[in-house]
Amino acid sequence: MLAARATKGLRPTLLRAYSSAAEKSVANNLGKNVFAEFSALATKHGALNLGQGFPSFGTPAFLKEAAIEAIQAEHNQYTRPGGNPGLVNVLADVYSPLYGRDLNPLTEIVTFTGAQEGIFCIFLSLLSRGDEVLILEPYFDAYINIAKLLGIRTVGLPLEMSPDRKAKYNDPSCTEAFSSKDLVLDLAKLEASITPKTKMLVLNTPHNPTGKVFSRDELEGIAAIMKRHPDIIILSDEVYEFMCFEGTPHERIATFDGMYDRVISLFSAGKTFSCTGWRVGYAIMPPKLALPVAKTHSAVPFCGALPFELAVAKGFEVARTNGYLAELPQLLQRKRDVVVDALQAAKLKPIVPDGGYFVCCNVSSLAAYDEFKSFEAQRGLANELRPDYQVAQKLCTEHGITVIPTSPFYTSVDNQPSPALVRVAFCKDDATLAQAVDVIQSL
């Protein structure tokens, strides 16, 4: 009885302690996950999901067979933190010619449980609370969320249309075509944003969500500025590296003169082989950066999933001879064109991407948007009240198609090409895209 009384007496105290701890959690710095929110909304309303960027057209058979073989061969236990030798050796063989140098698989390549875990380990290893990171916007929200968890400040660098192009993009009577080449990083703004606290620049090419592929000239301009600030590390997120369209080359800033020793190039086998649920990412970087990042990785998941790492190794070996890496961008380009053509026919002004999974478009011409126009001039609105957010919800719940609002990916909505800009994923199976075209036409 005494024990029961003692336990009963402790419960309110413990509850208060737990409540206090929860209130102080760094997780409270994070907002709602827009992708999870709209995917749940799509499920609830039975809407086509062109929101979240996962491919629904299937993982190649040769990769699935390799995973099954690895599991059946009992490769199911822990492996080397930072990458099974079978995978990192293959990655070194694949990327050494692309980098024009002999990469050491054990000291210059680190694998992760998905590229997003790689971002976390890189930030945690190389940045400190109060440091500043420059990030292109619109941005992949993981950069911001991880920075918030770690007490790191992010500074947005907008990809912008020129004033003339932006005016035309928002002119209902303008019928000109727009592409991701219209979105440009202002190099003067980049240099002006650098402070003594700036420790990292995060690049992303091909870019999520705009599909911009940075040209060599553009990256040379960035590199020239970085050479004047030699202590800034560059994280180059290149997860869509093999998805550049119409022969657009994928340029790697790490290969530019004098840049390798300060660049971390991040990649995703999940994107390359359409197996995002496997969570296999990896990065190439100089040994001085790889060592602390690998240590941090070993303290988080300890290691990657062995059968999937071995399957990816086999996948790259097969892809070298079966033409897969040449076919992938052609496949996605065809899917892009199906969606882009439908958007253009509906006068939704797609910003035609040069790479990646997504196309952004301007839905301000839709009747469904009319009731939200009054929100365009308002500032300081919560995400849910922004016009692109509200119309995206309406398109999902009332019109059966799920897209993602882009305003959550900007530090200032003034940087949006349009307040009605939404993101559409075209990395879907043909049946889904055919249904999407029907819905877009019906709008």
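A nonpolar core is a set of buried Ala, Val, Leu, Ile, Met, Phe, Trp, Tyr and Cys residues joined through side-chain atoms within 4.5 Å. Buried means under 20% relative accessible area, exposed over 50%, and partly exposed in between (1.4 Å probe, protein chains only).

This is a predicted model, in which local features need pLDDT of at least 70 and side-chain atom pairs count only at pLDDT 80 or more, while totals for chains, interfaces and linings use all residues. Residues are numbered from 1 along each chain as its sequence is written, and side-chain values use heavy atoms, with hydrogens and water left out.

**Stop 1: the core**

Select Y95, F123, I222, M226, I253, F273 and F316. Of the 142 residues in the largest nonpolar core, these touch the most other members. Domain 1 and domain 2 both give residues to the core, so it lies between them.

Zoom in on I222. Not counting residues up to four places away in sequence, I222 touches L185, L187, L190, L201, L203, F214 and I253.

**Stop 2: the two domains**

Colour domain 1 (31–53 + 325–442) and domain 2 (61–322). These bounds come from an automatic or database domain assignment. Taken over C-alpha atoms, the domain centres are separated by 24 Å. The contact (heavy atoms within 4.5 Å) takes 37 residues from domain 1 and 37 residues from domain 2.

**Stop 3: salt bridges**

The rule here is a side-chain nitrogen of Lys or Arg within 4 Å of a carboxyl oxygen of Asp or Glu. By this rule there are 21 salt bridges.

Select E384 and K32. Their side chains meet in a salt bridge, 2.9 Å from N to O. E384 is in the loop between β12 (358–362) and α14 (387–399), and K32 in the loop between α1 (2–24) and α2 (34–45), so the pair ties together parts that are 352 residues apart in sequence. E384 is partly exposed at 30% relative accessible area; K32 is exposed at 57%.

Go to R252 and E241. The closest N and O atoms of this salt bridge are 2.9 Å apart. Both residues are buried.

Next, select D164, R165, K168, E176 and D182, which are linked in a network of salt bridges. Within it, E176 pairs with K168, with 3.1 Å between the closest N and O atoms. E176 is partly exposed at 36% relative accessibility, and K168 is partly exposed at 27%.

**Stop 4: R386**

Where is R386? Look in the loop between β12 and α14. R386 is buried yet has no salt bridge; D388, the nearest side chain of opposite charge, is 6.1 Å away. Charge is assigned simply: Lys and Arg positive, Asp and Glu negative, with His and the chain ends not counted. Leaving aside neighbours within four places in sequence, R386 is in contact with L381, S407, P408 and V413.

**Stop 5**

Most residues other than glycine have a negative phi, and most peptide bonds are trans. Select E137 and P138: a cis peptide bond joins them, with omega about 10°. Another cis bond joins T205 and P206, with omega about -10°.

Finish at E74, where phi is near 65°, a positive value in a residue other than glycine. E74 is exposed, at 58% relative accessibility.

Technical notes: Helices (H or I, at least four residues) and strands (E, at least two) are DSSP runs, numbered from the N terminus.
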